[in-house]
Structure formats: C-alpha cells, structure tokens
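Hi,

Here is the structure you asked for. Have a look, and then read on for what turned up in it.

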Amino acid sequence: MDNLRDELLAVFDAEYRDHLRAIRAIVAAGCPDAQGLAEIFRRVHSLKGAARAVELPVVEGVAHALENRLSTLLSAHALPAPADLAAIADTLDEIDLLMTATPPDAPAAPDEAAAQAVENPAYVQVPVARLDALAAAVHDLMAVADRHERLWAQVMDLLGEARAVMHAPERMRADPVAEFARMTRRLMGVGRERELMAGQIDRALLRLGEEVHAVTLVPAESVFGSLAAMARRIAREHGGPDAGVVVHMTGMDVQTERRVMQALRDPVIHLVRNAIVHGHETRARRLAAGKSEDLNITIAVTMTGVRLQVAVSDDGRGPDLRAIAARAAGQGLVHADAPLDARQLLARVFEPGFSTRGKADSLAGRGVGLSVVAEAARALHGSVRMEQRQPAGTTVILTVPVSQRQRTVLLVENAGQSLGLPGRVIRHLLRVRRDEIRLVGGMPFAVVPHPPDGAGVADPRHEEELVPLAPLRAFVGDENAPLPVRDGAVSVVVMEVEGVRCGFAVERMVDVRTLLVSDATAVGLDSELVPGIAWPREDQPVFVLSPDRLFARWRERGNGGGAHFSDVDSAAPVVPVRHAPLVMVVDDSITTRTLQKTILQSHGYDVCLAVDGEEALAMLQQSSRHVDVVVTDVEMPRMDGLALLAAMQGDAHLAHIPVVLMTSRDDGDDIRRGMEGGARAYLTKQRFDQGELIDTIRGLL
C-alpha cells in the first residue's frame with residue numbers, strides 16, 4: 001500500500017505543478033475575464049480533489065479556501081479585484097511551499113507527505129510528441145530487424161537450393177552454367193542488401209538511443225519554477241512583512257536530465273537565500289540609489305555545448321570586498337598583506353566555514369551556504385564562481401556538464417585517436433569505392449543512395465543526393481590531410497547540421513556506444529571542437545566532437561576541408577552511378593505486388609511499388625529517376641490501369657514509358673482496349689508464367 005501511495009504522490013507532484021503553471025499564466029496575461037476565472041476555479045477544484053486522493057489535508061484545505069472565494073466571484077458574475085488576485089498568488093505560493101522539499105537549515109514543511117512527493121521523482125511529464133518519436137524509433141528498429149530476418153531466410157533458402165542441386169544434378173535446368181550463374185547473382189544481391197541493412201541497423205540504434213535519452217529530459221521550470229514563492233517567504237522572514245523581492249526567471253524551457261537539474265535545486269536555493277540576506281537594503285536606500293523598491297533576483301538557465309549554466313543574480317548591495325578580505329585573513333585563507341584582486345577574493349567565499357555576517361540566524365551566518373554550493377558543483381564535475389555586477393549587485397554562476405551518461409556516439413579512429421561523433425546528427429554510414437567518387441568543380445563528392453521503403457526497395461521519388469567529402473583529420477590534426485583510402489574505398493559518415501550535409505571521411509568506424517561523457521575543458525583540449533570526453537576503457541579516452549563547431553570550421557575552409565586526391569587519383573574520373581533497370585509494379589493486392597517484386601528483383605531489376613493508378617501517376621511525375629517499364633493491374637480503386645495508361649499517354653514526359661497490363665480480365669474486348677490505349681503487352685494472371693513476364697520486359701528494354 002505504501003508503494004502505491006508513493007506512486008500517487010509522485011503523480012500528484014507533476015499534476016499540481018501543471019495546475020499552478022497554468023493558473024499563473026492566466027493571471028500573468030492580465031485580469032482574468034469570466035472564462036479565465038472559470039478555468040482557474042476548475043483547476044483549483046481538480047487540485048483539491050487530487051490532494052484528497054493522496055491524503056494531503058493541508059494542501060486540500062488551502063485549495064478549498066481559494067475554491068470558495070472563486071465560487072463566490074463566479075456566482076456574482078464579478079471579476080476578481082486586486083485583493084482576489086493577491087489571494088490567488090498567495091495560495092499558489094503556499095501550495096508551492098507545502099510541496100517543496102525544504103533545505104537543511106530552513107523550517108520544515110508543514111506536511112511530511114508533501115515533501116515525499118518531491119523526494120520520490122518516480123514520474124515525469126513527457127510530451128506526447130516525444131513518446132510518438134520514441135515509438136517511431138522502436139518501430140523503425142523492429143522493421144529493420146524483420147527485414148534482416150527475412151533476408152537471412154532468403155540466404156538459407158538459396159543455400160538449401162544450392163545443396164539440393166549439388167546432390168541432385170538432374171534438377172538443374174538445361175544450362176548448368178547459367179543455373180549456377182543465376183544463383184551466384186542472387187547471392188551477391190543478397191550480400192549487397194545485407195551491407196545496406198547493416199547501415200540501417202546502425203542508424204536505427206542511434207536514433208533509438210537518442211530518443212530514449214530525450215525522454216529523460218525535463219525543463220528547468222519543473223525544478224526551479226517554485227523558487228519564486230520560496231524567495232518571497234525568505235524575504236518576509238528576513239526583512240519583515242514589508243520586505244519585497246521580485247524574482248525573474250529566464251531559460252526555464254531549457255531541458256536536461258532530471259538528475260542533473262534536481263541536483264542543482266538545493267545549491268540554487270542557497271544562492272537565492274544568500275542574495276536576499278546579503279543583498280538586502282532598506283527601500284529608502286534602494287530608492288536613493290536609483291533602484292526599484294523591491295530587490296530583484298534573476299535565475300537564468302542557459303545551455304552551451306554540453307554544459308549547463310545556472311546564474312543567480314541580484315541588484316542588492318553587492319559583495320563587500322574589504323569584509324571578505326578581512327574574514328579570509330582572519331581564517332588564514334590569505335596573507336593579510338597579500339595583494340589580491342576581486343576575482344581571487346570572491347573565490348574565497350566558497351571555502352567551508354566562510355561568512356562575513358557577524359551574527360548567525362536561521363537564514364545565514366553559519367558559513368555553510370556557499371560551501372555547500374561549491375561541493376554540489378564539484379560532485380557534478382562542475383564549477384562555481386562569483387562576480388560583481390555593474391552598477392551594483394552580485395552574480396553567482398554554476399556550470400556543470402549537461403550529462404555524464406546517455407550519450408550515443410559513433411566511435412571512429414583518427415591518427416591514433418578515438419573520436420566520438422554524436423549519433424543525433426548522423427544520417428548515413430557509407431563505404432565509397434575510389435572510382436565512385438565524383439569530382440565537381442575539383443571537389444570530391446559521394447552519392448547517397450535512395451532512402452529505402454518499408455520493403456528495403458529504393459524509392460525513386462527521392463532525388464539522388466551528392467554530399468561533399470572532407471577528411472575528418474583535416475579538422476582534428478593535419479589541415480592538409482588527404483581522404484583516407486583503405487582497400488580502395490573511403491569510410492564516410494554523413495552528418496547533418498541545420499539542414500546542411502557533409503560526408504566526413506574517417507580512417508575506420510569502430511563501434512556505436514552509449515558513453516559517460518564529461519566536460520573536456522580540464523584536459524586542455526580545444527573545448528569548442530572537443531567539449532566532451534569519455535573513458536570507455538581506462539587507457540584510451542574518447543574525444544567527443546561538437547558537430548556545430550565541426551561544420552563551422554568546414555564552412556570557414558570553403559567546404560573543402562583540405563580534401564585532395566594525393567592518395568586517390570590526381571585526375572579521378574567522374575564515374576556515373578549505374579542503376580539496374582527500374583520496373584514499377586502497380587497493383588492493389590499486396591500479395592501480387594510482393595510476388596512480382598520478388599521475381600523481378602531475383603532477375604536483377606530494381607522495383608518500386610504503387611497501390612493504384614493515382615499513386616503510380618504521382619510517383620512517375622515526381623520521380624527524379626527514370627522508370628523503364630510499368631507493369632500494372634487493370635481493376636484498382638481510385639484510378640484503374642486503363643485510366644493510368646491514358647494519363648501516361650497524355651503526358652509527353654511519360655508517353656514513351658512502355659506499359660504492361662497484367663490482369664485477370666482475359667476477354668478479347670478488354671485486350672483490344674488495352675492495346676489500342678497504348679499498352680505494349682497484355683498478360684493474364686490466369687496463365688501467369690514468370691518466364692513470360694521476364695521475357696516481355698527484356699523485349700521492351
């Protein structure tokens with residue numbers, strides 16, 4: 001039963017935050033109208049019922065009191081007065097405080113069960129779009145696995161057929177050489193498809209890993225959103241009922257792992273408390289200094305590369321450098337006569353036991369606040385620093401690695417180094433033969449194959465794509481490095497950043513791994529290009545590259561990246577890409593489509609599929625690759641075969657494509673209509689013979 005309640009409390013924690021966020025948004029938009037007031041009432045009523053369900057009577061009571069007040073306004077058809085808006089804000093703050101886990105040296109929350117809800121982060125809110133993306137990644141991986149299984153079955157069938165022929169030569173056709181040649185072609189075709197599928201599996205795994213990691217991310221608002229209410233409470237405790245503080249929050253939509261964000265909550269609370277206690281000034285003093293009446297505190301969250309930065313700023317008195325110097329000298333942290341600049345002095349405030357307050361109270365003066373912040377930063381392999389704001393105030397900046405786990409990377413070798421390329425930007429993994437590299441304007445390019453459809457067949461509706469080639473080593477090491485050619489081919493990782501693609505040639509692809517990645521600044525590397533480092537093995541670090549910076553440097557060098565052909569051919573020819581003849585099969589029966597596709601592919605043809613004449617016509621009109629023959633059924637929904645034939649004959653770009661009608665309709669009138677309409681052949685399914693189909697297509701080509 002306790003486990004069930006823990007789960008309910010965790011769910012309630014997410015629900016109450018959603019209600020409070022929505023209510024605050026309504027109030028922030030201006031004085032709520034009748035519709036807005038009704039929405040606030042609905043949410044408060046729901047929150048009260050949810051609090052009752054998880055046995056939080058204090059929260060339930062607070063919500064009930066506000067519900068009664070809102071009910072009175074709705075019954076009177078009255079808009080909320082300033083006092084009503086203040087009551088709404090105060091109630092939201094109170095619920096926030098009741099549900100927020102308190103720091104060690106602050107008063108305990110009124111309800112222990114409420115704190116448990118925060119301490120047990122068993123549930124997080126995940127956008128439906130993110131779940132859809134995760135489900136799609138799983139589906140893609142399953143589809144690739146299914147195709148791999150079917151491909152393996154083909155291999156076993158071919159091997160079984162070969163064994164049967166070897167043990168029973170009489171089963172061969174008239175020409176044994178041709179029979180073995182046919183089997184060899186089929187095996188080679190299966191081998192090529194398996195190579196292509198290996199890349200598809202890699203990409204599917206990369207995508208799945210990235211989507212799984214994305215589900216664990218939470219926005220900063222879910223962790224820091226309630227700190228405004230806490231700051232107002234601390235201000236009242238420190239300066240009395242008239243003490244005012246305004247909290248500004250920016251970057252609350254920044255997302256990172258909940259573990260990292262949650263670990264920063266207590267340090268940020270300490271910084272907010274420190275800003276109030278040490279930055280407090282009377283309203284008269286603030287007005288005299290040209291400031292607003294209330295102390296302004298800003299919590300800003302930003303993401304830079306693989307580092308998360310949380311800055312807490314205030315416009316209060318600012319750090320007292322003389323007091324800090326005196327206290328540091330008194331504690332033996334610095335020599336009394338040592339000349340220290342502001343940066344060195346401000347670093348001392350994070351030492352254990354350091355405080356410039358002469359008197360301790362419930363909020364500060366014990367010398368533990370900022371040392372706790374420094375310890376938390378170190379525990380996350382991060383750093384903290386304090387700065388003076390201009391013209392007045394203080395800023396404390398926490399910088400920590402975004403993540404120390406869940407980073408999916410492709411491991412590659414580069415001049416003896418192990419490099420990691422983030423999986424989220426990888427689009428293709430290619431092995432390009434030297435004689436297949438194209439030269440355009442003296443620059444090397446690789447041809448990216450057509451994306452396969454669900455059956456692993458190239459889709460002619462996608463344009464053939466050329467991507468520029470650049471040696472990765474030219475950006476990490478030798479600027480004049482050539483394309484690394486091994487065994488007559490180049491290993492290429494096609495990456496995409498902001499819609500631009502480039503193929504980076506690597507010496508060797510090693511593995512796809514999910515690694516623990518930490519901030520790489522400390523090891524003295526180029527932190528822009530190499531912001532992260534991982535240690536999959538104790539003796540061999542992996543340097544994780546920033547794709548954004550890699551592409552920036554590639555553009556800076558004119559997209560060439562130093563690529564040349566000293567190790568290829570000084571005058572490498574432009575080799576046209578050779579395609580097998582492409583046959584389009586049009587039939588509304590999936591069984592028929594599959595049968596014809598299998599037959600055609602086994603004879604070396606490329607195949608594309610359409611479910612009716614309308615889809616076929618659209619594919620023919622939009623395809624950048626020439627379709628050599630169309631084999632179509634006659635009876636189909638939307639547009640039948642005869643209508644498709646007529647549409648093709650009426651299009652000058654399609655009229656020359658030979659059309660084979662294959663249908664169960666064998667009436668003489670039907671055959672005459674088809675042939676008069678422009679069909680080049682008419683085959684009936686009742687007397688279907690695969691040899692006749694192949695011979696017909698060969699004759700048309």
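First, a term: buried means under 20% relative accessible area, exposed means over 50%, and partly exposed is in between (1.4 Å probe, protein chains only). The model is predicted, so local features need pLDDT of at least 70 and side-chain atom pairs count only at pLDDT 80 or more, while totals for chains, interfaces and linings use all residues. Residues are numbered from 1 along each chain as its sequence is written, and side-chain values use heavy atoms, leaving out hydrogens and water.

Of its 701 residues, 45% count as buried.

Now the surface. Trp152, Met156, Leu159 and Leu187 make a nonpolar patch of about 380 Å². Patch residues have over 30% relative accessible area and no salt bridge, with nonpolar side chains joined within 5 Å and like charges within 9 Å; a salt bridge is a Lys or Arg side-chain nitrogen within 4 Å of an Asp or Glu carboxyl oxygen. Helix α6 (residues 128-167) gives the largest share, three residues. Leu187 sits in helix α7 (residues 176-215) and is partly exposed, at 38% relative accessible area.

Then there is helix α19 (residues 641-649), where Gly641, Leu642, Leu644, Leu645 and Met648 are buried. Down the axis of α19, these buried residues fall within an arc of 160 degrees, so they line one face of the helix. The arc is taken from the directions from the helix axis to the C-beta atoms.

Cheers

How values were computed. Areas by Shrake-Rupley, 256 points an atom, 1.4 Å probe, with all protein chains shown as cover. Helix = DSSP H or I, 4+ residues; strand = E, 2+ residues; numbered from the N terminus.
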